[in-house]
Amino acid sequence: MLYDLVSKRYTFFLISALAIIPGFISLILPGGLRPGIDFTSGSILTIRFERDVDQASMRQAFSDLGHHEAVVQRADDGTYIIRTTPLGAEGRDESGNVVVASERARVETDLSNRFGPLTVLSFDQVSPIVAAEIVKNSVFAVLAACVGILLYLWWAFRHVKESWRYGVCAVLALVHDVLVVLGIFSILGRIFAVELDALFITALMTVIGFSVHDTIVVFDRIRENSIRHLGEPFEDIVNHSLMQTMGRSFTTSLTVLLTLFTLWLFGGVTIRNFVLALLIGIFSGTYSSIFNASMFLVVWENGELGRLFGRGRRTETALARA
Amino acid sequence: MSDQRNNIFIVFVFALAIASILVVWPQKPSNYLPDVIPWPKSEGVHLDWADFHRQGFRLGLDLQGGTHLVLRADTSKVPFGTDVNQAVDGVTRVIEKRVNTYGVAEPIIQRRGNDRIIVELPGVRNIEEAKNLIGKTAQMDFREQKTVDGKLDWVVATAVGNDGVEKPLTGQYFKKAEVGFDRAGKPIILFEFESEGAKMFGDITKRLINKPLGIFLDNEPISTPTVQQQITDRGQITGSFTIDEARNLVIQLNAGALPLPVTVEEERTVDATLGADSVRKSVVAGEIALLIVALFMVLYYRMLGVVATLALLVYTLVVLAIFKLIPVTLTLAGIAGFILSIGMAVDANILIFERMKEELRSGKTVVASIEAGFARAWPSIRDSNVSTMITCGILYWFGSNFGASIVMGFALTLAIGVIASMFSAITVTRSLLRIIVGRRAVLNPALFGMPTARRLEPAGVQG
């Protein structure tokens, strides 16, 4: 069975656009992403109390301690996760002697006075200087990955005519996936206060790697078929290649998505957002490698870029964004 | 590959799998495996050759609990004419000495970039104490009272050293310091000077008989006794210390003062119970993931799926053994990366199998299809894995740049997984398939997950 997928390419672009646009709007509006303390600085305190503590009195406690900004979350098991601005360091004189106990120590004492014995399960604090560097490095890492992949593909496909197009189209597809993940997390941030941390960047990079991984399999087949079926229309070659690799793409993604879903269910709350980012990204990566990356090649080959901009507003955004 | 070489290879893979099981087998199997079956308990394999005597996996701070600090040395305080790089190295060395004497198992103290120092203290939960021990400059000096601008003030006491130059007397001339107790049972610090310091201390105490001597730590007086007689090599400091303070001070005096003041830029503590919980959950998730992937492969590809599952088991065992032997520090994200790689490891298998089915459809024999499947699938396996390795490399760099061991752990485990999966999916699967086909046992396409039940002629079966 041979479906003509290539001729429906604009439908697939439209689907991508519909998936990206809501998230993209949320992204560019003020407060687009909810950065966690890794990117903005601050403290996260996870505390378990021996007896049950209600959320209102916990909020009150932090208010009394001068942390009106504190975000108090109660986990299922009664554990509290509290986000505040960076807790002050212990007071030190010029030479480094402690003269005032650190704010964290004072917070802990106050909380145990109010609510009884407690265990600090984890404490994370990032200073603004480090946070600024993490932001800079994250952006740089994502860009470096794109450039690295572009160059590698250009080289790997050097025997095909205009090999650099393959690199560019693969990168376009991965930008598509990055935008889908960022967009959805922007919306999740607005609705469920999901914050981004350094692990999110890790997930994003993995999605980039996987997206290209998938795209390459299709491109590889196009490369092989272009040599074997010299002279056939490019659209037909791409369509054949897509049909031939489709089974593999779905099966591979299915095994990866199954693993991720297991992790999401059983892996614990700590990495749930990380796994969610991977799930969304890899789903998007499968879609974009089949329905976007090779379609871009066709659009480019046929010189349809000009025509594309004449079409509906939404399709235009699809390409501009993707 | 000849039949014989193929057989030898299979034996090798089998031996590798057995060896990996021995390395990986946990001390308490019931923690990780369903306890319906009475799994043999094992002390773990004691590998006593060379450096290997590790029994468990090396766990990151997020899994075993502990304290992670990122310190920054204040390089603006580097004395004129001193190399900044050397000064920061000096800070790192002093911190290392302090941590080692404090008695933390397997601490990590690493310099990162220009002025950062990463300190990881497994098992340490008292972050305040850790920060005091590490972050304090601990510059001790001896002072005398002099009139400066008509005011009585403490001035650092100087004496002529062995080189004939007049120098201030500081803690750097200590040979060693230790905690002692006075008659009332209160902790005191006993110190001993090395020869040059003893000579200088002798000179100073001689001229200060019946006058006060100030012992200052980081510009704060900790004790100001009146000198009774000339003292040379040994002395004691009676301050108002708690035992812990005295112990830390002794560690600091023995390790030396920090050449530069440091500030804490990032701190993370994890409680050990939280880590243990994460480990348990990850292991369960990994086992279920492995089962689901295996089940899927067998249902979808039948006999090929069984072969792929065997290869996947070899993959899992070998990678875990590598993690244990290198050892790779496993973090929560790292384990997630490994579990993800279980899903990705079958990718090469799927590529090959799909290719084989295509070749079968085009009318090739089973044996020819297997060989063509491997040959044709190779370029895309290679290219796609290189792209993953590129991102792993960048991620590792990204993580190491600001000391995020979580990110580095993920990149490393994923990279090891990708490399090992190429080995398992290609070589192991191929050898197993050659054995099966060589035995002429099964040549029914249905066993390859093909729709037809047409029996293929075993033509050209030479292996």
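1. In β11(B), which residue is the bridge partner of F216(B)? The partner is P221(B). Everything in this note refers to a predicted model.

2. On its other pairing, β10(B), residues 213-217, meets β4(B), residues 140-148, in the antiparallel sense over five bridges.

3. As for β10(B), four of its five residues are buried, so the strand is largely enclosed by the rest of the structure.

4. The contact between the chains draws on 60 residues of chain A and 65 residues of chain B. On the chain A side, the elements that each supply at least two residues are β6 (118-126), α5 (128-156), α7 (198-228), α8 (234-266) and α9 (272-301). The largest share, 13 residues, comes from α8(A). By residue class, the side of chain A that touches chain B divides into 32 nonpolar, 23 polar and five charged residues.

5. Strand pairing also crosses between the chains. β6(A) is joined by five bridges to β13(B), residues 262-270, and the two run antiparallel. In this pairing Q125(A) stands opposite E267(B).

6. Why does V407(B) count as buried? There are 28 other C-beta atoms within 10 Å of V407(B), and the cut-off for burial is 20 or more. Leaving aside residues up to four places away in sequence, V407(B) touches A198(A) and T202(A) from chain A, together with L395(B), F398(B) and G399(B) from chain B. The C-alpha atoms of V407(B) and G334(B) are separated by 7.8 Å, although these residues are 73 apart along the chain.

7. Chain A has 11 helices and six strands. Its domain assignment gives domain 1 as 6-36 + 130-321 and domain 2 as 42-126. The C-alpha centres of domain 1 and domain 2 of chain A lie 41 Å apart.

8. The overall dimensions of chain A should be read alongside that assignment. The C-alpha trace spans about 80 × 45 × 35 Å along its principal axes. Chain A has a radius of gyration of 25 Å, whereas a compact globule of 322 residues would have one near 20 Å. Of the 322 residues of chain A, 47% count as buried. Among contacts in chain A with a separation of 6 or more, 73% are between residues 24 or more positions apart.

Definitions and conventions: Residues are numbered from 1 along each chain as its sequence is written. Chains are lettered from A and ligands numbered from 1 in the order in which they are written. This is a predicted model: local features need pLDDT of at least 70, side-chain atom pairs count only at pLDDT 80 or more; totals for chains, interfaces and linings use all residues. Two residues are in contact if their C-beta atoms, placed from the backbone, lie within 7 Å. Ala, Val, Leu, Ile, Met, Phe, Trp, Tyr, Cys and Pro count as nonpolar, Asp, Glu, Lys and Arg as charged, and the others, Gly among them, as polar. Two strands pair if DSSP finds at least two bridges between them. The radius of gyration is taken over C-alpha atoms; the globule rule is 2.2 Å times the number of residues to the power 0.38. A residue is buried if 20 or more other C-beta atoms lie within 10 Å of its own, exposed if 12 or fewer, and partly exposed in between; C-beta atoms are placed from the backbone. Domain bounds come from an automatic or database domain assignment.
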